[in-house]
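Subject: Structure handover, with notes on strands, helices and salt bridges

Dear colleague,

Please find the structure below, followed by my notes on what was found in it. I would be grateful if you read the notes with the coordinates open beside them.

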Amino acid sequence: MVQQLISGATPSDAEALALAGLTDTAALVAAAGSLRDLGHRDVVTYSRKVFIPLTKLCRDVCHYCTFARTPRHIPQPYMSVDQVLEICEKGARAGCQEALFTLGEKPELRYRVAREALDELGFQSTLDYVGFVAGQVLRETGLLPHINAGCMTAEEIAMLRPVSASMGIMLESASSRLCEKGMPHYGSPDKQPDVRLQTIELAGAAQVPFTTGILIGIGETRLERIESLLALRRLHQRYGHLQEIIVQNFRAKPETLMAGAPEPDLDDLLWTLAVARLIFGPDMNIQAPPNLSPGVLPQLLAAGINDWGGVSPLTPDHVNPEAPWPHLDQLAAETASAGKFLDQRLTLYPSYVTDSARWVDPQVQPQVLRLADSEGFAKRDTWSPGQQQPIPALEHKLLNYRSGMNQVSAGLKEIIARCEAGDHLQETDVERLFQVRGNEFSYLIQEADRFRRQTNGDQVSYIVNRNINYTNVCYFKCQFCAFSKGRLSENLRGKPYDISAEEIARRCREAWDRGASEVCMQGGIHPDYSGETYLEILETVKTAAPGLHIHAFSPLEVWQGASTLGIPVQEFLQRLKAAGLNTLPGTAAEILHDEVRAHLCPDKLNTAQWLSVMAAAHETGFRTTATIMFGHIDRPAHWAAHLLAIRELQQRSGGFTEFVPLPYVAQEAPMYLKGKSRHGPSFREAILMHAVPRLVFHGLIDNIQTSWVKMGLEGVLACLQAGANDLGGTLMNESITRAAGASFGQEWPPARMEEVIRSIGRVPRMRTTLYADADRKQREAAFRAVDLLDVENNSAMKSQRSKRLANLVQTG
């Protein structure tokens, strides 16, 4: 039977109960470990938390508990709000993201001092006070409250849901026998199994992510343990809300009625952990507290767990004060010794984060999104695109770690081998590449760098160019954009502008004189712009600086231009080509997945339309770039679809010259300010978005560009060692990223580019748009360039400014 369960099949109740008769712990452990790997691979999680013992008064009298105290043994009935906030603020500075509220059950029903304290505080019940304090923690510190408040009614759960990310109650045991006289739960009305199971069911009905589990070694039988697990499984099958099952081993404590009771031995704990995994299957999160089993953590991992629970760098375990938390470095090392990687989660587990619209109250969602990465794990670092910040310590270590082949799964190696061979890839294959962590992350980065050496050698290219964003007036309402200005965006950075033809011409002439070979031009979709506007812009540039390569107009601008003229896209592209357009930027792609676009940019081109414009451009003879803007509401599955859509088109047309990852800069983005997006990608994700395309596009798109505007110096250096080979343009002016809140400068001159490239032993190469070597005269001009003159962003008028020069006299 055990062998049948390894496949992930859910055992029936009868099959689960039969496990009570199996005594071969080693066989159960082996099966449970395989099952855990099927659902969680090599990742083991923990939550970085602070422990808030809001009150240690309790109406119950569990015979093994030292948490609950009587009034004369505590300095105050309840912690004050200021005391709680002080702990949480220290925790936030220490990188904690969870505030665990633990308290005794309804002490006001037993103690007058509790009733009087609540009355003085202005609350009718302990749970009312919990709700108030949790709300303060959420708003003032940003930590996510997890509330262990004991048995609750539906109304109490509804009251706490808007101020907490998750809740929990340990079932401990479904055996009412343990409540009989002489047993550990005698005299504790809240430990009646049916009462606790009712709370767990009410939480499921309220769609609250819930934590529960069993306590072993308090007099229950193995059969009763399984019956308890099955009771929990039935509720989870109905509501899907149990995000973890904790198996906690009893520890005898002095000065309790069970001080002399025997503790479960290691074999008993391993047996129970393995059985819990077999009953709940590969996907459930099975947890064992690490501080209760020091010295044997690798054995616990072998038995099928995938989570260590909350661990605090700041506060003790008030329930088990005799058992200090392991240091996080020690916990990571012991996890690694078992062949696993320790990563951080939120109080919510990843699957509940990625489905937060269902599981998280709207008042809590913004903070959950701010703290999460694309898979729903904790965004461990504070790194943010466009900001001057060092590489996070863990990623710095992993980027420099040389991962061995034996530390990487066969499945990952097989996918990378297919990338190298140019074989067909499924979306799940590419999604798997984005999911690597720990040693697998290091290995994938090494492989991407190897692919880069094969394709590009040690050369790193860049181009001297100028960005011209001719207007920030736009009638589209993209939720990520802080650049465009319309009637509803006056509160965003800057004023609406629409620059004149004369200013476009001046900037182009200045760029040419400063050694530029390219002008890159894009803008908002001004309601007065038509296809003729874009043709006029080309005419103006060609008149002002005929030697400049014109790299201009996003697919959205091309689509809109063709629409305003009432002609097919391909015909408009032909007109643009005849007017002097050389290449097109593959912007406005954002995420090529309509599930994301429906929220991100609902009035923009859909995926098929964007791809059709690019295909038409390639058919017309244009080369284009391709981009991705990531780190907002997207997930690895969306990234995989995006890359494969680009790959498929490139296999047909061969028209893409480079791929450009653009990390989402959130600071001023409307959807972030509304609490509707994450705070940009994590540093790990930003590096992977350079490494994975290098693998996926191998033999198809040779150039992977990294944006110094968004990645910063240290980020650029990391990307150059993770598959990137190009630094993009010197820019001269950069508006869009800065409007979103980036703090980097507007120009990296050639001397700076080459200094950065040489600092890692690479060879700099100034290039053209199509990756030929730059003209010698332009290179010389670039290195002797004088300072830029101030730009003039002419204020937008009621109608657009003309983009045709009054005096069409060609210079040069």
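Three strands form an open sheet in the order β18-β10-β19, with parallel pairing, where helices (H or I, at least four residues) and strands (E, at least two) are DSSP runs numbered from the N terminus, and two strands pair if DSSP finds at least two bridges between them. The edges of the sheet are β18 (726-729) and β19, each of which pairs on one side only. Neighbouring strands of this sheet are turned against each other by 20° on average, direction ignored; axes here are lines fitted to C-alpha atoms, for helices over the stretch in contact, and angles run from 0 to 180 degrees between N-to-C directions.

Before going on, please note that this is a predicted model, in which local features need pLDDT of at least 70 and side-chain atom pairs count only at pLDDT 80 or more, while totals for chains, interfaces and linings use all residues. Residues are numbered from 1 along each chain as its sequence is written, and side-chain values use heavy atoms, with hydrogens and water left out.

Within the sheet, strand β10 (residues 459-463) pairs with β19 in the parallel sense over five bridges. Q459 has V763 as its bridge partner in β19, and I463 stands opposite R767 of that strand. Four of the five residues of β19 (residues 763-767) are buried, so this strand is largely enclosed by the rest of the structure; buried means under 20% relative accessible area, exposed over 50%, and partly exposed in between (1.4 Å probe, protein chains only).

β5 pairs with β4 in the parallel sense over two bridges, and the bridge partner of M167 in β5 is F210. β5 is also joined to strand β6 (residues 242-249) by seven bridges, again in parallel, with T211 having E244 as its bridge partner in β6.

Turning to helix packing, the axes of α20 and helix α21 (residues 531-544) come within 9 Å and cross at roughly 40°. That angle makes α20 oblique to α21, given that angles under 35 degrees count as roughly parallel, over 145 as roughly antiparallel, 65 to 115 as roughly perpendicular and the rest as oblique. The crossing of α20 past α21 is right-handed, a crossing being left-handed if the near helix is turned anticlockwise from the far one by less than a right angle, and right-handed if clockwise.

As for charged side chains, the count comes to 53 salt bridges, a salt bridge being a side-chain nitrogen of Lys or Arg within 4 Å of a carboxyl oxygen of Asp or Glu. One of them joins E172 and K191 (3.2 Å, N to O). Both residues lie in the loop between β4 (166-168) and α8 (193-205), so the pair ties together parts that are 19 residues apart in sequence. E172 counts as buried at 10% relative accessibility, and K191 is buried as well, with a relative accessible area of 9%.

Another salt bridge is formed by R514 and E747 (2.9 Å, N to O). R514 lies in the loop between α20 (501-513) and β12 (518-522) and E747 in the loop between α30 (736-739) and α31 (750-758), so this pair ties together parts that are 233 residues apart in sequence. R514 counts as buried at 8% relative accessibility, whereas E747 counts as partly exposed at 25%.

R779 forms a salt bridge with E754, the closest N and O atoms being 3.0 Å apart. This pair links helix α32 (residues 776-783), which holds R779, to helix α31, which holds E754, across 25 residues. R779 is partly exposed, with a relative accessible area of 30%, while E754 counts as buried at 4%.

Finally, D343, D373, E375, R380, E395, R437 and R684 are linked in a network of salt bridges.

With best regards
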